[in-house]
Amino acid sequence: MDAMLHRETKRGGMTDDARQAPDVAGADIPLLQLDALVKRFGRFTAVDRLALDIKAGEFFALLGPSGCGKTTLLRMLAGFETPDAGRILLDGQDIAGIPPHQRPVNMMFQNYALFPHLSVQDNIAFGLKRAGLPREEIKARVTEMIALLKLESMERRKPDQLSGGQRQRVALARALARRPRLLLLDEPLAALDKKLRENTQAELMRLQRQLGMTFIVVTHDQEEAMMMADRIGVMNAGHLVQVATPRQLYEAPNSRWVAEFVGGVNIIDGKIASRDAGRVTIATPDAGGIIAAAPLQALTTDQVCVAIRPEKVRLSAHESAPDDDDAGGINRLAGVIAGISYLGGQTRYQIRLDSGAQLRASVANIARLDLDAFDPAQRVVAWFAPDDCVVLDR
Amino acid sequence: MSGRRLFTTPARRAAVAPLLWMLLFFLLPFGFVLKISLSQTVIAQPPYVPVFDPAQGMAALKAAFATLSLENFRLLAADHLYILSYLRSIVVALISTAILLAVGYPVAYGMSRLPARWQPIAMILVIVPFWTSFLIRVYAWINILQHDGILNKTLLALHVVSAPVVWLSTDTAMYIGIVYSYLPFMILPLYATLAKIDTTLLEASADLGGSRLATFWLVTFPLSLPGVGAGALLCFIPIVGEFVIPDLLAGSRSPMIGQTLWLEFFTNRDWPVASAIAIVLLVLLLAPLLVYERMQRRQLEGRR
């Protein structure tokens, strides 16, 4: 199962070689290494002994609820906050003490922070002029950035004469113009409406691949993180709780908190009753005995919970549930449909189990006609495979 | 339709109030002054002709109008005293405004960089002197600057000077008085624009390689220009017409236009010439006033 999870097949047909890191001498050293990084504000610890390696050319997302420390971490990378302890190594050199204007790192701000008194081209040229580049070089790079971000004919406009999407592109152009080793993006899409956000996500991925640059994006939107990033670091209360590919994060969360934070999930508490050959049986008050795949990581006690994603829960009308004698055994729970939410692509069912517990199932609407749909109060069997169950500490 | 009228009628009425105010307390007195400026001086009460008397009917009114003349304005142009007074007023106002900017900008900048909870306190400290009468504060300066005043005593005690310095009745004293009195008018608009500047813009500048100095000159200062303009005009315009401070603190060799006006009005009892001085002063100040007005409007439009 573990091996299967590592075989990445998502990302809309993108091939693996397209995402390969560019040839860098000593590519075995990560571009960015965070070592026991600590940041406190008064008595509040925003970032707590955080360690993380990011490879050159990677698209990394920091995901977490608001106040988890992800923005503080980003601001430390940019140099706006000084760590209280720990090291920030960029290409093996500690940059923790270097002021922001001397770091080979650029940031795209959440509100874009465009200079209102400067035109689009002057905004883009700002960082190049500070770097003391020759005039022709500045002109060439501004033209390049304007073409790259499709800002032609807006060069002379002021930021307040641009739409939200255009402003976002100017902010990106301004940050990219200096060709930073590392581009930090603070909630880059939060201010855009949904449609524009989806286009811009694809645009960001295209840019990152094309430029072979390393992106670190901070977001609270898990869909955004999963769509764009190679790897996601999930943060909670100043800690990185899991760093994994989007698929690993969703299918193999390493804790109950991650399972609940990333996507919808059914959690059933129980106690390990028996273990044998890759399977564990968990006795649960709500759903009886559940057979699950043996957990990947060691459990601290036998007081555990079982996490099942709603789309892994299949529903059948009472009689037609598959037989037990399938390989490994199928978990079957009887109940009635208590709630139905039709969402277009899928339908979410709320099932009240006979024990009184609630279970969520989400069913893809693969046919236009609703022959398979269930009715309110209909008796159903909810069933799921042991391999779809993740056993976690409570 | 009726719903619309319900909203617009009171709004229209409300708009009449300031118009009425301006008409009664600005335009009407201005009309009087304009008329006096076109009249002849006489030894009488009031000391000028023609005097309107609407009771005498239309013909008398016409006759009164016929005697109006530009003689007083011609006098202003002919006599060096007036031209020099105007020039001096403008030069004093320009120099004072420059000093006020140089002093006020760092203060306002410092205030805007204070922790948020200290900013209102700093603002109160700037405003507090207003609670004492302006006149008393200027007299206090006489006390400080006089021969055996605090300033000379301090300088002597510190051995900066060996004999008391003459401060009073000099331009230095006048500039001290003007800068002291007008400083809040410079600081407050500057502070208002500086405090409004989004600090992420400063971070963006640093992120793009801007040193602190570059960030100040390329981001903070340009964005504070509306405040610089507002503060400069808010000081320049009244300083041109300033009377009390130069009268009390400066020497009497070259009067500012406010002093000349006072002289004509009260000492010479030449109301028509005094009125003409006032009219010319107003016309002179109209230009910076219009600039100020335009700046304010452009800023409002920019915000939209």
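Modeller: In this predicted model, Asp91(A) sits in the loop that runs between strand S4 (85–90) and strand S5 (93–94) of chain A. Its phi is positive, about 55°, although Asp91(A) is not a glycine.

Biologist: What makes Asp91(A) partly exposed?

Modeller: There are 16 other C-beta atoms within 10 Å of Asp91(A). A residue needs 20 or more to be buried and 12 or fewer to be exposed, so a value in between is called partly exposed, and Asp91(A) is therefore given that label.

Biologist: Is Ser153(A) buried or exposed, and how do you know?

Modeller: Ser153(A) has 9 C-beta neighbours inside 10 Å, and because the limit for exposed is 12 or fewer, Ser153(A) counts as exposed. Ser153(A) belongs to the loop between H4 and H5 of chain A, and Ser153(A) has a positive phi of about 70° although it is not a glycine.

Biologist: Why is H5(A) called mostly covered?

Modeller: Ten of the 13 residues of H5(A) are buried, and the buried residues include Val170(A), Leu172(A) and Leu176(A), as well as Arg167(A) and Arg174(A). The buried residues of H5(A) pack against strand S6 (105–108), helix H3 (120–130), helix H4 (135–148), strand S7 (182–186) and helix H6 (194–211) of chain A.

Biologist: What makes H3(A) roughly parallel to H5(A)?

Modeller: The axes of H3(A) and H5(A) come within 7 Å and cross at roughly 30°. Angles under 35 degrees count as roughly parallel, so H3(A) is described as roughly parallel to H5(A). The crossing in which H3(A) passes H5(A) is right-handed.

Biologist: Which residues make the contact between H3(A) and H5(A)?

Modeller: From H3(A) come Val120(A), Asn123(A), Ile124(A), Phe126(A) and Gly127(A), and these meet Val170(A), Ala173(A) and Arg174(A) of H5(A). By class, the residues of this contact are five nonpolar, two polar and one charged.

Biologist: How many residues of chain A are in contact with chain B, and which element supplies the largest share on the side of chain A?

Modeller: On the side of chain A there are 18 residues, in contact with 16 residues of chain B. S6 and H3 of chain A each supply at least two residues of that side, and the largest share, three residues, comes from H3(A). The side of chain A that touches chain B divides into nine nonpolar, five polar and four charged residues.

Biologist: Turning to chain B, what makes helix H4 (residues 80–112) oblique to helix H8 (residues 171–196)?

Modeller: H4(B) and H8(B) pack at an angle of about 45°, with their axes 7 Å apart. Roughly parallel would need an angle under 35 degrees and roughly perpendicular one of 65 to 115, so H4(B) is oblique to H8(B). H4(B) passes H8(B) in a right-handed crossing, and their contact has 21 nonpolar, three polar and no charged residues.

Biologist: Why are helix H9 (residues 199–207) and helix H10 (residues 212–240) of chain B called oblique to each other?

Modeller: The axes of H9(B) and H10(B) come within 10 Å and cross at roughly 140°. Roughly antiparallel begins over 145, so H9(B) and H10(B) are classed as oblique to each other. Their crossing is right-handed, and the contact brings Leu201(B), Leu202(B), Ser205(B) and Ala206(B) of H9(B) together with Thr215(B), Leu218(B), Val219(B) and Thr220(B) of H10(B). By class, five residues of this contact are nonpolar, three are polar and none is charged.

Biologist: How do you know that helix H7 (residues 150–157) of chain B lies largely in the open?

Modeller: H7(B) has eight residues and the number buried is zero, so H7(B) lies largely in the open. Just after H7(B), His159(B) takes a positive phi of about 60°.

Notes:
Residues numbered from 1 in each chain as written. Chains lettered and ligands numbered in written order. Predicted model: local features only at pLDDT ≥ 70, side-chain atom pairs only at ≥ 80, totals over all residues. Helix = DSSP H or I, 4+ residues; strand = E, 2+ residues; numbered from the N terminus. Contact = placed C-beta atoms within 7 Å. Nonpolar A, V, L, I, M, F, W, Y, C, P; charged D, E, K, R; others polar. Axes fitted to C-alpha atoms, helices over the stretch in contact; angles between N-to-C directions. Left-handed = near helix turned anticlockwise from the far one by under 90°.
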